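Hi there,

Here is the structure I promised to pass on to you. Have a look at it first, and then read on for my notes.

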Amino acid sequence: MYANKRLFWTALILILIGAAHSYYRYAVHHVPFLPGTYSEFWDVEAKVEFVARGTPVSVRLTLPRSQPGFLLGAEHTASSGYGLHISDQDSRMAEWTIREVDGPQVLYYRAQFQVDDAGDSVRVGQPPRIQPVIWSPALETAAHQLLTEAWRESADPFSLARALQQRLSSRNHQHVQLLLSEYSLAEVMVMLLNQADVPSRVLHGLSLEDGRRQQTLQPIVQVFSGDHWQLFDPATDLGQRETHPFLLWQQSAMPILEVVGGYDSRLTFSMLSTREPASSSVHALAISDAVLNLSIHSLPISEQAIFKIILLLPLGALVVVMLRVLIGLKTAGTFMPVLIAMAFLEMTLLTGILTFLLVVGAGLVLRQFLAYLNLLLVARVSAVIVCVIGLISLFSVLSFHLGISDGMKMSLFPMVILAWTIERMSILWEEEGPRDVMVQGFGSLLTAILAYFVMQFPWMRYWMFNFLGLQLVVLALIMMFGSYTGYRLLELWRFKPLMERSDARSD
């Protein structure tokens, strides 16, 4: 009785602390309780890495501006010991300087962009000068033929750019192959447009996709017609760019990154999509640094993207506890279904289920073959791991050649956990028979599917990331369910015939 009271008060305190923290986030930080009712923001972080030579270092990074579709908001940098100057002339530029530094260095720049539904509220960029084009004799005929075909199908600079984009995206075109032997796709498109007296230039930007890390800038062609401009990607066919919004990072023909006093420089980007009131980003600037440092939102974007997935694990653990403790569902491993559900989040559910069945089924067959070799446990499990990796690699290659893009994400499956699952299910097959293997396999798959649906629910993803206090609420629920010692639902169904017999005898 004393233990139950202690558990009750512990769970109650955790729930109150979690609820209080969530309300604080809502009342003070103005984070809404419901997603989708506020403005959409993109947090983009640039990470500059290089190795310093032990001499004075100067690092110059081109910065973005507001542009059609995106309004630049708050900006932050992290560069311990460096001086920082941001110039806002013809091209926005951040310059980090330090007198002397040696060894690996990392600099961060983070910007928040509000999605602007007006689209054309901000004018960006000036038309560049049209550069004279001089082709080599071998390329002149191919360029003339491509431009003539596109010219006949166009009526203005933008339609001409679309016609060229459609042709350049076809790598099998013999004229395109000839031009690409000397120049890149973006350079060929700009040269053809300049030959037609259309102002254009090669810039670089980011295709925004929530939670992406270690991304690099993509070349894009900016085409002008009077006071208006549009972006064209010669590497993709028409309409494919519309799947993800595109943020123009470089807005003038200037070097993106210059490092003086270092070598092996590298520029990568991470991005997150959030929904919050327009006033929250401004209000956040008034919060002290000490409070920000205790918030997960003060971490680099790349780490935030990782936590956006990790913070869903407690929900999966809660599903496992409920199914095992209250319902009595059997699984192959305690939390293996949660890790499988995490892999499902990166794939479509149907592809994930088929992958699980194929890998486990083929793994069981290979494990039965290994049983005849009389290997020790460690060697046998290691061999199963190698086989699982080989199977996933084989299925990924087959999926690529069959045009199944989701199949190439099979590498996200937890291979070591799958290997141990196959080993345990093989031993269970030998000791108890195939029926128990099917029961545990079905239970694991069903648990993974239910955990996937809970973790995939948009409101759950939003709440667990933006209200960390809910982690304590989930912990309290797990503790309360963990103290249940009564009958499981499946046990009631299993012992139902005995209860009917006892009732009949009493009558």
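Let me begin with a question: is E49 buried, partly exposed or exposed? E49 is partly exposed, because its relative accessible area is 22%, and the cut-off for buried is under 20%. Please keep in mind throughout that this is a predicted model.

**Salt bridges**

One is formed by R92 and E75, whose closest N and O atoms are 3.1 Å apart. R92 counts as buried because its relative accessibility is 7%, whereas E75, at 29%, counts as partly exposed.

The other joins the side chains of D210 and K308, at 2.9 Å from N to O. D210 is in the loop between β7 (200-207) and β8 (218-225), K308 is in helix α8 (residues 301-310), and the two are 98 residues apart. With a relative accessible area of 38%, D210 is partly exposed; K308, at 15% relative accessibility, counts as buried.

**Around S273**

The D210 and K308 pair turns up again beside S273. This serine lies in strand β12 (residues 262-276), and it touches E40, F41, W42, D210 and K308, leaving aside residues up to four places away in sequence. Its relative accessibility is 18%, so S273 counts as buried.

**A helix pair**

Now for some packing. The axes of helix α10 (residues 336-345) and helix α14 (residues 434-456) come within 8 Å and cross at roughly 50°. That angle makes α10 oblique to α14, because it falls in none of the ranges for roughly parallel (under 35 degrees), roughly perpendicular (65 to 115) or roughly antiparallel (over 145). The crossing of the two is right-handed.

Which residues make the contact? On the α10 side they are M336, P337, V338, I340, A341, M342, F344 and L345, and on the α14 side S444, L445, T447, A448, I449, A451, Y452, M455 and Q456. Sorted by class, the contact of α10 with α14 has 14 nonpolar residues, 3 polar ones and no charged ones.

**One last residue**

Finally, T148, which you will find in helix α2 (residues 137-152). At 28% relative accessibility, T148 counts as partly exposed. The C-alpha atoms of T148 and A196 are separated by 9.7 Å, and the two residues are 48 residues apart along the chain.

Best wishes

Methods
Residues are numbered from 1 along each chain as its sequence is written. This is a predicted model: local features need pLDDT of at least 70, side-chain atom pairs count only at pLDDT 80 or more; totals for chains, interfaces and linings use all residues. Side-chain values use heavy atoms; hydrogens and water are left out. Helices (H or I, at least four residues) and strands (E, at least two) are DSSP runs, numbered from the N terminus. Buried means under 20% relative accessible area, exposed over 50%, partly exposed in between (1.4 Å probe, protein chains only). Contact means heavy atoms within 4.5 Å. A salt bridge is a side-chain nitrogen of Lys or Arg within 4 Å of a carboxyl oxygen of Asp or Glu. Axes are lines fitted to C-alpha atoms, for helices over the stretch in contact, and angles run from 0 to 180 degrees between N-to-C directions. A crossing is left-handed if the near helix is turned anticlockwise from the far one by less than a right angle, and right-handed if clockwise. Ala, Val, Leu, Ile, Met, Phe, Trp, Tyr, Cys and Pro count as nonpolar, Asp, Glu, Lys and Arg as charged, and the others, Gly among them, as polar.
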